[in-house]
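Subject: Structure handover

Hello,

Here is the structure I said I would pass on.

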Amino acid sequence: ILEYVPNSVLTRTIIKKTTGNITVSAVDEGEELAEKTLAYDSFLQVIDGAADVTIKGEKIKLALGEAIVIPAHASHCIAATEQFKLISTIIKSGYED
């Protein structure tokens, strides 16, 4: 779906609806997805390589095929100690504050 580009973070939206979205990201080694906080739970799955996911200051290493749920309102960032690709799924239930 996405190829790696040196010194870059590429993101492509696969599905975007008012009820949620699915995106794919390709992140080159040494790059990082900026820290953010979402009002919705997020499901991340690594589909190539490995990523460091930091949630509320706790770093978790995710390898190929592994996944994690980031709770709503939790600050998080994702860093590449090596190239990785991931799928991010956000479902908006309508009950979030």
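The notes below go through the pocket, the surface patch, the salt bridge, backbone angles and some distances.

The model is predicted, so local features need pLDDT of at least 70 and side-chain atom pairs count only at pLDDT 80 or more, while totals for chains, interfaces and linings use all residues. Residues are numbered from 1 along each chain as its sequence is written, and side-chain values use heavy atoms, with hydrogens and water left out.

The largest pocket has a volume of about 230 Å³. Among its 16 lining residues, Thr23, Leu33, Lys36, Ser88 and Ile90 are the closest to the centre. A pocket here is an open set of points on a 1 Å grid over the protein atoms alone, where a 1.4 Å probe fits and protein lies on both sides within 12 Å along at least five of seven lines; lining residues have an atom within 4 Å of a point. The volume is the space filled by probe spheres set on the points, which are joined across faces, edges and corners.

At least two lining residues come from each of strands E2 (20-27), E3 (32-36), E4 (42-49), E8 (76-79) and E9 (84-91). Strands are DSSP runs of at least two residues, numbered from the N terminus. By type, the lining has 8 nonpolar, 7 polar and 1 charged residue. Nonpolar covers Ala, Val, Leu, Ile, Met, Phe, Trp, Tyr, Cys and Pro, charged covers Asp, Glu, Lys and Arg, and the others, Gly among them, are polar.

Surface patch

Ile1, Ile14 and Ile15 make a nonpolar surface patch of about 290 Å². Patch residues have over 30% relative accessible area and no salt bridge; nonpolar side chains (Val, Leu, Ile, Met, Phe, Trp, Tyr) are joined within 5 Å, and like charges within 9 Å. Areas come from the Shrake-Rupley method with a 1.4 Å probe, and for residues only the protein chains shown count as cover. Ile14 is in strand E1 (residues 9-17) and is partly exposed, at 43% relative accessible area. Buried means under 20%, exposed over 50%, and partly exposed in between (1.4 Å probe, protein chains only).

Salt bridge

How many salt bridges are there? The count is 1, between the side chains of Asp52 and Lys61 (3.9 Å, N to O). The rule asks for a side-chain nitrogen of Lys or Arg within 4 Å of a carboxyl oxygen of Asp or Glu. Asp52 is buried, at 9% relative accessibility, whereas Lys61 is partly exposed, at 45%.

Backbone angles

Most residues other than glycine have a negative phi. Lys56 has a positive phi of about 50 degrees; this residue sits in the loop between strand E5 (51-55) and strand E6 (58-62) and is exposed, at 64%. His73 also has a positive phi, near 70 degrees. His73 is in the loop between strand E7 (67-70) and E8, and is partly exposed at 48%.

Distances

All of these are C-alpha to C-alpha.

- Phe84, in strand E9, is buried at 0%; Phe84 and Ile47 are 37 residues apart in sequence and 7.5 Å apart in space.
- Thr13, in strand E1, is partly exposed at 44%; Thr13 and Ser88 are 75 residues apart along the chain and separated by 9.5 Å.
- Val9, in strand E1, is partly exposed at 30%; Val9 and Ile68 are 59 residues apart in sequence and 20 Å apart in space.

Regards

Note on methods
Helix = DSSP H or I, 4+ residues; strand = E, 2+ residues; numbered from the N terminus.
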